[in-house]
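Q: Could you walk me through reading a few features of this model?

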Amino acid sequence: MVKNNLGLKYLVKKFGESLQSEVQLTSSKSESNRALLINALSGNKLELSNLSAARDTQTMQRLMQEAGQTWDVLDAGTTMRFCTAFLAVKGSGQTITGTPRMCERPIGLLVDALRKLGAEIEYLGKEGYPPLKINGLQEQKAKRIEIPGNISSQFISALLMIGPSLPEGIQLQLTTEVFSRPYIEMTLGLMKRFGVTADWSGDTITVPHQEYTGGAYAIESDWSGASYWYSIAALGEDTNLLLGGLRGESLQGDQEIVKIMEKMGVQTTYSPSGAHLTSNGRLEKAIDINFKTCPDLAQTVLVTAALKGVTLHMTGLESLRIKETDRIAAMQAELKKLGATLTEDGNTWKMVPGEVPAKIETIDTYDDHRMAMAFAPVSMLQDITIDDPGVVAKSYPAFWEDWKSVGIQIEEVS
Ligand SMILES: O=C(O)C1=C[C@@H](OP(=O)(O)O)[C@@H](O)[C@H](O)C1
Ligand SMILES: C=C(OP(=O)(O)O)C(=O)O
């Protein structure tokens with residue numbers, strides 16, 4: 001089990017002032033975990049700096065260093081999918097497992113693809129889910145692999161990163177529309193940074209056999225983590241906030257938060273130090289958003305909109321059901337506490353804000369870091385209690401410390 005501080009709650013006190021401050025943001029776990037996999041596949045040729053302190057990244061780093069018989073990824077999706085692909089080329093009978101929730105998150109499409117390439121993979125529990133026992137491929141049996149792109153882009157990223165190490169390379173044919181596409185582009189972008197070329201034409205991505213080159217790379221700050229600060233800025237008045245370490249040209253699709261929040265009052269400009277957030281006074285009362293390219297922003301945007309009286313018409317939320325928790329169900333329950341309703345009609349969702357109660361009930365977090373971080377900005381309007389605040393460690397361990405550093409008061413309650 002992942003040990004969060006069970007039983008602990010944080011009372012985040014209302015912060016009624018205008019926020020004039022700066023924060024050095026945590027770095028991206030998505031970039032970090034890709035860089036760590038590429039480093040391992042390259043024979044440790046990379047010089048990485050600013051690796052994320054996220055538990056998901058620390059776990060990835062520890063597993064790669066220990067190289068033991070049992071790889072426990074805890075609740076880290078990327079770590080599970082990337083290490084499974086790594087073991088499919090380098091493994092010799094290792095077991096890979098994770099938390100009970102991780103063993104409910106699908107991996108069948110990745111396993112099918114790796115088996116076709118020639119790896120021997122056995123399901124130790126339920127077919128299609130971790131835990132797995134993996135023997136690395138002795139001989140490559142296929143090069144062209146068909147894979148749906150609408151379940152998790154992490155399967156595709158994992159296959160692409162091992163592609164150059166395969167004797168014949170890999171050719172992926174994406175058989176459905178692609179969700180979370182920017183994460184695949186991030187993968188290809190980092191591979192290119194380390195000397196590997198790939199071609200994405202139509203629905204086919206081709207990676208020839210080649211060697212990763214070495215080189216130095218500083219991981220960028222985390223745009224998903226930045227989204228909670230955008231929420232604070234949207235809910236506060238007269239904000240002036242510098243988020244250190246973010247770049248205007250990012251590999252991360254969650255930079256989309258800039259465009260979304262422009263419609264809810266936050267303007268972004270860049271300097272060499274990072275992203276500067278100021279208030280722009282705008283508020284659109286109904287917004288259409290497709291979260292297909294940025295699913296991790298959904299919770300932040302839903303909470304911000306619910307509190308600003310903005311109706312959201314949404315598509316692209318399908319993958320939320322198979323993340324750290326069923327995020328649709330969790331959001332339906334918790335948004336109710338803010339007086340809002342989230343309804344589903346086929347492949348579309350609608351969030352209608354309501355009257356925000358004068359005292360909001362404790363927010364439950366469902367072992368999901370993004371539940372805690374998305375609801376914390378309620379404190380711009382009133383006191384809010386967040387259950388199991390330690391969940392943030394998965395991606396942003398310094399989250400609460402960073403909040404305190406700008407003057408937000410937090411008290412432990414039980
Ligand atoms: O590749 C990545 O780093 C990620 C891809 C996304 O997952 P899916 O591709 O499963 O949507 C995202 O939700 C996750 O937090 C990180
Ligand atoms: C879904 C997430 O992570 P993962 O899939 O890597 O567990 C996330 O960080 O929101």
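Predicted model: local features only at pLDDT ≥ 70, side-chain atom pairs only at ≥ 80, totals over all residues.

Q: Which strands does strand 17 pair with?

A: Helices (H or I, at least four residues) and strands (E, at least two) are DSSP runs, numbered from the N terminus, and two strands pair if DSSP finds at least two bridges between them. Here strand 16 (residues 286–290) runs parallel to strand 17, joined by five bridges. Strand 19 (residues 348–352) pairs with strand 17 in the antiparallel sense, over three bridges. Take Leu312: this residue is the bridge partner of Ile287 and also stands opposite Met351 in strand 19.

Q: What unit do strand 16, helix 9 and strand 17 make?

A: For handedness, point the strands away from you: a crossover is right-handed if the path from the first strand over the helix to the second runs clockwise. Strand 16, helix 9 (residues 298–308) and strand 17 form a right-handed β-α-β unit.

Q: Is helix 3 largely enclosed or open?

A: Count neighbours: a residue is buried if 20 or more other C-beta atoms lie within 10 Å of its own, exposed if 12 or fewer, and partly exposed in between, with C-beta atoms placed from the backbone. Helix 3 (residues 77–90) has 14 residues, and 12 of the 14 are buried, so the helix is largely enclosed by the rest of the structure. Among the buried ones are Arg81, Phe82 and Phe86.

Q: And why does Gly128 count as exposed?

A: Gly128 has 12 C-beta neighbours inside 10 Å, so it counts as exposed. You'll find Gly128 in the loop between strand 6 (120–123) and strand 7 (132–135). Gly108 is 20 residues from Gly128 in sequence, yet their C-alpha atoms are 4.0 Å apart.

Q: Which residues surround ligand 1?

A: The test is a C-beta atom, placed from the backbone, within 6 Å of the molecule. Those around ligand 1 include Ser30, Thr78, Gln154, Tyr183 and Asp296. Helix 5 (residues 153–162) gives the largest share of the shell, three residues.

Technical notes
Residues numbered from 1 in each chain as written. Chains lettered and ligands numbered in written order. Expected span 1.5 Å × (residues − 1).
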